[in-house]
Each structure stands twice: as C-alpha cells, then as structure tokens.
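Dear colleague,

Please find below the structure for your study. The findings follow directly after it.

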Amino acid sequence: MILKEKIKVVISDLDGTLLNSDHKISQYTKTVFQELHNQNYLIIVATGRHHLDAMPLVEGLGCPVYLVTSNGARIHSPEKELLFSFDIKSDDIKSILNLDIDPEITTVLFKENVWQTNKINEKLNSFQAELNYMPEVVDFDTMDDVSGIKLFFTHEKHSKLIELRDRILENHPELFSHAFSLPFCLEFMDKSVDKSVAIAKILEKENFVFEQTISFGDGYNDENMLKSSGKALVMGNAPESLKNKLSHLEVILTNDNEGVAKYIAQELLNN
C-alpha cells in the first residue's frame with residue numbers, strides 16, 4: 001500500500017527535528033503543516049520540553065496539534081486542555097539528589113509553572129526563544145517538596161553523564177525511565193512515562209492505531225516512538241549512535257534543511 005493511503009497521523013519531535021539550529025520553525029515547515037491539517041491529518045508534536053515552553057512554538061505552526069511534553073509526562077489537547085499528567089514523587093527525586101552529584105553538572109527540575117536549577121546555564125537558556133517560564137535558582141538540599149514533572153542533568157562531557165546515569169540506575173533500577181534527548185542532556189521521568197505511551201493514549205482517544213502513524217525524531221527520547229510508528233524517519237542530524245541503533249530506518253535531510261517538511265511534501269502531500 002502506498003504511504004499516503006496508510007498514514008492518518010503525523011508525529012514529530014521539536015528540537016533537532018521541526019526546529020532548526022536557531023530553535024525556530026521555518027516558514028516552509030509552517031506551510032506544509034497547515035496543508036497537512038487542511039488534508040485532515042491528525043498532528044502530534046512530542047517533545048522533552050516543558051509545556052509552557054513548547055506551546056508558543058507549536059502555536060507558530062498555525063494549525064491544531066496535540067502536544068506531548070516532558071517526554072510524555074503531560075498531554076495537552078489542540079484546545080490546550082490538560083488531558084494527562086504524571087509527576088515523579090518527591091522522595092524518588094530526593095533519592096537521586098542525595099547521590100552527591102558532581103557540582104559541575106547542572107541539575108534541572110521541571111515543576112508545573114517554573115523550572116528549578118542549581119545554577120544558571122547559558123546554553124540551556126538559549127533554547128528558549130521566549131521566556132514563558134523562568135529558571136529559579138534553588139538549593140535542592142534545603143527543599144522539602146521536590147516532586148516534579150521531569151528531572152534532568154546537563155554537562156558538556158557526555159561521559160560524565162553516562163557515569164551519573166549508571167550510578168542512578170544502580171541505586172534505583174526500577175523507579176525511572178530515562179533518555180538522552182541530546183548527548184549533553186540526561187533526562188529522568190517516572191518509569192511509566194515515555195513519548196510512545198503518551199502517543200498511544202492520543203491514538204486511542206482519536207480511534208487510530210500506530211500502523212497509521214508516521215513519525216520523525218533525532219534523539220534517544222524518540223526511540224520508542226520511532227519503533228512503534230507505522231513509518232519512522234530519523235533526522236540526518238541525529239547522533240550516529242542512534243542511526244546505527246535504528247539502522248533499519250531511513251535517514252532524511254537535517255533539521256536545518258527542513259527534512260521533515262520536505263519529506264512530508266514529497267511523500268504525503270505529493271508536491
């Protein structure tokens with residue numbers, strides 16, 4: 001069966017996928033997504049970003065989308081209604097923060113309306129084109145309630161984060177799901193949380209199945225989503241290790257070359 005007849009749902013990651021290196025969506029991409037909407041495709045954007053950060057970005061597409069954020073810990077409807085939310089318990093986060101983490105590593109906790117961090121990190125701030133919710137510098141040791149949507153760590157050295165990941169998993173093999181959204185970004189969610197799990201909830205609500213989906217991604221937090229989809233494409237700018245791991249999947253143009261929009265225009269919209 002040709003792709004166009006099978007696919008009813010288009011799923012895309014944001015950073016490194018729909019967004020270019022300046023963390024913006026190109027005009028061409030917007031046009032393509034508006035045409036998808038006109039042709040009655042269901043559109044889902046699934047990102048590791050906080051919902052307050054992601055909402056203005058997807059608004060820029062100019063068409064209704066379901067929004068999966070914090071790697072699946074939140075789902076918002078096209079009308080911005082919160083459909084699903086799941087937080088990590090405070091004690092579980094404390095058990096990680098008590099591991100005596102290298103102070104060189106930036107620690108970030110996503111709360112509902114703010115993100116808390118042990119220090120200001122300019123590289124992280126550059127990801128927000130508009131500051132819709134502010135970083136709050138805190139001393140995690142003095143806080144009673146550290147429940148949150150997502151906990152993540154960032155450091156220039158990937159090897160330092162691998163070391164930290166191994167220590168956390170050694171101490172808590174059962175509590176968390178985790179992923180590298182970027183080589184310098186290690187993220188922890190509750191074990192029940194994953195982009196693919198959240199997408200399955202939306203598909204069920206809309207009476208679709210994964211066989212009818214096409215998805216685009218570039219990070220390890222996209223891995224299960226890509227594996228579950230009827231058709232899945234890996235971005236040209238994805239890490240080589242991910243391309244090798246998903247070597248059965250086609251690699252398309254990079255995010256800076258509008259890979260997602262060009263593929264959709266050619267294969268789904270046939271123009």
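Lys195 has a relative accessibility of 0%, under the 20% limit, and therefore counts as buried. This value, like the others in this message, was computed from a predicted model. The side chain of Lys195 forms a salt bridge with that of Asp13, with 3.1 Å from N to O. Because Lys195 belongs to helix α8 (residues 195-205) and Asp13 to the loop between β1 (9-12) and α2, the pair ties together parts that are 182 residues apart in sequence. Asp13 is buried as well, at a relative accessible area of 4%.

In total, 14 salt bridges were counted. Among them is the pair Lys160 and Asp102, at 3.0 Å from N to O. This pair also links distant parts of the chain, as Lys160 is in helix α7 (residues 158-171) and Asp102 is in the loop between α5 (90-97) and β6 (106-110), 58 residues apart. Lys160 is partly exposed, at 22%, and Asp102 is partly exposed, at 26%. A further salt bridge joins Arg49 and Asp53 (3.0 Å, N to O), and both of these residues are buried.

I turn now to the nonpolar residues. The largest nonpolar core contains 33 residues, and Phe216 and Ile264 are among those with the most contacts inside it. Helix α11 (259-267) is one of the elements that give two or more residues to this core; its share, five residues, is the largest. Another core, of 21 residues, lies apart and includes Met143 and Phe188.

Yours sincerely

Terms used. Residues are numbered from 1 along each chain as its sequence is written. This is a predicted model: local features need pLDDT of at least 70, side-chain atom pairs count only at pLDDT 80 or more; totals for chains, interfaces and linings use all residues. Side-chain values use heavy atoms; hydrogens and water are left out. A nonpolar core is a set of buried Ala, Val, Leu, Ile, Met, Phe, Trp, Tyr and Cys residues joined through side-chain atoms within 4.5 Å. Buried means under 20% relative accessible area, exposed over 50%, partly exposed in between (1.4 Å probe, protein chains only). Helices (H or I, at least four residues) and strands (E, at least two) are DSSP runs, numbered from the N terminus. A salt bridge is a side-chain nitrogen of Lys or Arg within 4 Å of a carboxyl oxygen of Asp or Glu.
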